[in-house]
Amino acid sequence: APKHLSSFNGGFINLIFALASQFCGAVATVEFLMYFDHFARKDYGDNYLETHKHIITQELQQVVYALNQPASARNFQSPFWNISIFDEHYFNGLFSNFVFPDGDKPSWESLNKLQQFFLHWFNEERTKALLTFPVVTVSMLSDGEQVLDKEYEEFVSRELSEGNSFFIYTSQSVD
């Protein structure tokens, strides 16, 4: 089992290539950033985006660029890879009872910072290279008419206004 961010990322890349070779469609790893955050906090502390931003950027580049490479097991196409970004309500609905194998629990505050960092970084990175994957979906809970997490709605709107591209999924339940 991985104990550090770099070993998690290496194993994750291998896993996606292995899974993608078995499917014609997408491989969705909605919890990728949650696991990434877990290992980043273990290796670099709770403020890793402030203290180790360069390393975090390199680790994200490793995963994203590696998974955008052609795979012989997929007729020389890269794996079709999806990830999700969650507002706080959606995150709590999915992961409020989740515990990592080492006993640690996910941290919404830390994950939220990473998700926002990732979306902004990925948007900028796509101006430097053609990056098809991951396909990103932002999931937000609503009351049927309005998104519940207004702060997240503002963040998503700001990202869209800056040219970011992702799917938005709203639902009245975590489904």
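## Helix H1 and its buried face

In helix H1, the residues Leu5, Phe8, Asn9, Phe12, Ile13, Ile16 and Ala20 are buried (under 20% relative accessible area, with exposed meaning over 50% and partly exposed in between, for a 1.4 Å probe and protein chains only). Viewed down the axis of H1, these buried residues fall within an arc of 135°, so they line one face of the helix; the arc is that of the directions from the helix axis to the C-beta atoms. The buried residues of H1 pack against strand S1 (27-28), H2, H4 and S2. Helices (H or I, at least four residues) and strands (E, at least two) are DSSP runs, numbered from the N terminus.

Asparagine 9 lies in helix H1 and is buried, with a relative accessible area of 0%. Asparagine 9 touches Phe32, Phe36, Glu59, Gln62 and Val63, leaving aside residues up to four places away in sequence; contact means heavy atoms within 4.5 Å.

## Basis of the model

This is a predicted model, in which local features need pLDDT of at least 70 and side-chain atom pairs count only at pLDDT 80 or more, while totals for chains, interfaces and linings use all residues. Residues are numbered from 1 along each chain as its sequence is written, and side-chain values use heavy atoms, with hydrogens and water left out.

## Helix H4

Helix H4 (residues 53-67) has 15 residues and reaches 21 Å from its first C-alpha to its last, close to the 21 Å expected at 1.5 Å a residue. The expected span is 1.5 Å times one less than the number of residues.

The buried residues of H4 are Ile56, Thr57, Glu59, Leu60, Val63, Val64 and Leu67. Seen down the axis of H4, they fall within an arc of 165°, so they line one face of the helix. The elements covering them include helix H1 (5-20), helix H2 (32-44), helix H3 (48-51), strand S2 (81-86) and helix H6 (108-125).

The axes of H4 and H6 come within 11 Å and cross at roughly 65°. Axes are lines fitted to C-alpha atoms, for helices over the stretch in contact, and angles run from 0 to 180 degrees between N-to-C directions. From H4, Lys53, Ile56, Thr57, Leu60, Gln61, Val64 and Tyr65 meet Leu114, Phe117, Phe118, Trp121, Phe122 and Glu125 of H6. The residues of this contact divide into nine nonpolar, two polar and two charged; Ala, Val, Leu, Ile, Met, Phe, Trp, Tyr, Cys and Pro count as nonpolar, Asp, Glu, Lys and Arg as charged, and the others, Gly among them, as polar.

H2 and H4 pack at an angle of about 145°, with their axes 12 Å apart, and H2 passes H4 in a right-handed crossing. Here Phe32, Leu33, Phe36, Ala40 and Tyr44 in H2 meet Ile55, Ile56, Glu59, Leu60 and Val63 in H4. The residues of the contact of H2 with H4 comprise nine nonpolar, no polar and one charged.

Proline 134 lies in the loop between H6 and S3. The peptide bond from phenylalanine 133 to proline 134 is cis, with omega near 10°. Most peptide bonds are trans.

Serine 139 is found in strand S3 (residues 135-141) and is buried, with a relative accessible area of 5%. Serine 139 touches Ile85, Phe86, Asp87, Tyr90 and Tyr169, not counting residues up to four places away in sequence.

Technical notes:
Left-handed = near helix turned anticlockwise from the far one by under 90°.
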